[in-house]
Amino acid sequence: MASSPLIMRLVSASVAVSNRASGIIRDIMKSGNLGIVEKGKNDLQTEADRSAQRCIVASLHKRFPEVAIFGEEALDPSEKIPAEFLEHESDEYVLKQECPEYLRNVADEDVVIWVDPLDGTAEFTQGFLDHVTVLIGIAVKGNAVAGVINQPWYNYQNPDKPLGRTIWGVMGLGGFGFLREVPPKDKLIVTTSRSHSNMLVTETVHSLNPNEVVRVGGTGHKVLLLIEGKVHAYVFASKGCKKWDTCAPEAVLHAVGGCLTDLHGIKMNYAKDVQRQNTGGMLATLMNEEDHRGIVAKIPELAKDAMEQSSPAPELDFMGAKFGQNPQRGSNSEEKSNIPIGSNKVPSEEKKQAVDQSAVSPTPSTDSQGTTSSKSSQLSDSVQKETCTTKL
Ligand SMILES: Nc1ncnc2c1ncn2[C@@H]1O[C@H](COP(=O)(O)O)[C@@H](O)[C@H]1OP(=O)(O)O
Ligand SMILES: [Mg+2]
């Protein structure tokens with residue numbers, strides 16, 4: 001049998017290795033020896049970040065030696081990697097899916113993989129475990145097209161259910177491993193940083209006049225809130241996020257018809273030579289391009305002026321589909337699979353939509369994200385509580 005296209009092999013290997021990394025992270029938390037190092041102001045690294053990155057980068061590099069891989073942590077490349085850190089398996093379910101046509105002939109040199117071995121490190125050290133995710137983003141010619149978000153402690157408050165889950169998506173194929181839910185129509189819920197906030201971050205959120213503000217850790221976790229319909233928008237008026245924070249979440253959003261841009265509405269570039277910092281800030285929604293631009297228009301000039309304009313990703317020819325739209329085609333169309341993958345439009349009657357229940361997380365539920373929200377019709381700093389209910 002001819003081997004699957006490179007992108008599908010990369011995604012299936014990434015799903016498998018994200019599970020191994022997730023186990024390593026849980027083991028280190030269990031050991032109680034976090035080995036915390038301060039990398040910079042409000043920027044921590046733990047043994048879990050280091051070990052998970054060793055596992056992911058070494059495993060992927062061994063199998064895809066010609067593909068560029070960038071991880072968040074600066075580690076010694078000559079370090080010996082323990083055998084148990086190497087993942088040799090692939091996820092068979094991923095390999096059974098048909099690769100979207102526009103990705104079938106991608107070459108090694110077109111691809112860059114961005115790895116955040118442990119997103120939400122601050123929350124990890126504080127015991128907010130379901131804020132933690134492992135992120136593996138796959139970019140083709142600078143565009144985030146495929147990604148894996150692994151949540152090691154998903155369900156940790158429901159011991160009867162399997163611990164952890166893996167969400168993955170490919171633009172043009174769809175998103176897998178979660179239940180898509182429609183956010184409430186009568187209000188605006190915005191999520192932003194819990195641990196890297198400042199006055200500009202807060203003011204920018206308030207300028208959208210949200211009814212609720214959800215402050216939780218991690219880019220991966222906040223994008224999960226978006227795709228599961230718990231929030232309408234993720235706004236971060238800060239230069240703090242890097243390419244490894246946003247590549248996988250952006251790709252998963254693209255897979256289900258959403259958008260992630262800087263605060264000027266410019267899409268991110270994930271080519272290997274780009275600067276690592278997302279200096280334009282970020283805005284993520286599960287909206288079509290037009291509605292997303294509507295939110296961009298509401299971002300105050302003050303915030304836009306404080307952020308740089310990102311250098312955009314080069315236009316990819318997504319078989320005629322424009323950025324932000326979903327190029328559904330092939331055997332994964334709604335008609336054939338009965339799975340509403342990647343749909344931008346969510347039927348109003350239908351509250352819950354199974355994007356895919358048979359992938360790597362067989363029993364996804366939508367109730368234990370443990371988000372913290374403060375509800376108020378009149379927003380002000382004094383009514384925004386920043387408490388979290390899910391600390392272990
Ligand atoms: N000022 C910052 N310094 C370092 N990392 C940041 C900063 N702001 C955001 N990040 C990264 O972006 C992610 C999303 O931000 P937040 O959790 O504050 O919403 C964080 O989990 C962190 O990634 P990481 O935890 O992998 O270091
Ligand atoms: Mg991160």
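This is a predicted model: local features need pLDDT of at least 70, side-chain atom pairs count only at pLDDT 80 or more; totals for chains, interfaces and linings use all residues.

Student: Where does D116 lie?
Tutor: In strand β4, which covers residues 111–119.

Student: Is D116 buried or exposed?
Tutor: Check relative accessible area; buried means under 20%. D116 has 1%, so D116 is buried.

Student: Which residues does UniProt list for "binding site"?
Tutor: The unreviewed UniProt entry lists E72, D116, L118, D119 and D245. They are spread over 174 residues of sequence, yet they cluster in space, with a largest C-alpha distance of 9.5 Å.

Student: What about D119: buried or exposed?
Tutor: D119 counts as buried, because its relative accessibility is 5%. D119 also has its place in strand β4.

Student: Which residues does D119 touch?
Tutor: Leave out residues up to four places away in sequence, and D119 touches H131, V132, T133, L135, G218, T219, G220 and D245.

Student: Now the cysteines. How many disulfides does the structure hold?
Tutor: Look for paired sulfur atoms within 2.5 Å. The structure holds zero disulfides. For C99, the nearest cysteine sulfur is that of C247, 16 Å away. For C241, the nearest is again that of C247, at 13 Å.

Student: Are C99 and C241 buried or exposed?
Tutor: C99 counts as buried at 4% relative accessibility. C241 also counts as buried, at 7%.

Key:
Residues are numbered from 1 along each chain as its sequence is written. Chains are lettered from A and ligands numbered from 1 in the order in which they are written. Side-chain values use heavy atoms; hydrogens and water are left out. UniProt positions are given in the numbering used here, feature names are shortened, and annotations may be inferred rather than shown by experiment. Helices (H or I, at least four residues) and strands (E, at least two) are DSSP runs, numbered from the N terminus. Buried means under 20% relative accessible area, exposed over 50%, partly exposed in between (1.4 Å probe, protein chains only). Contact means heavy atoms within 4.5 Å.
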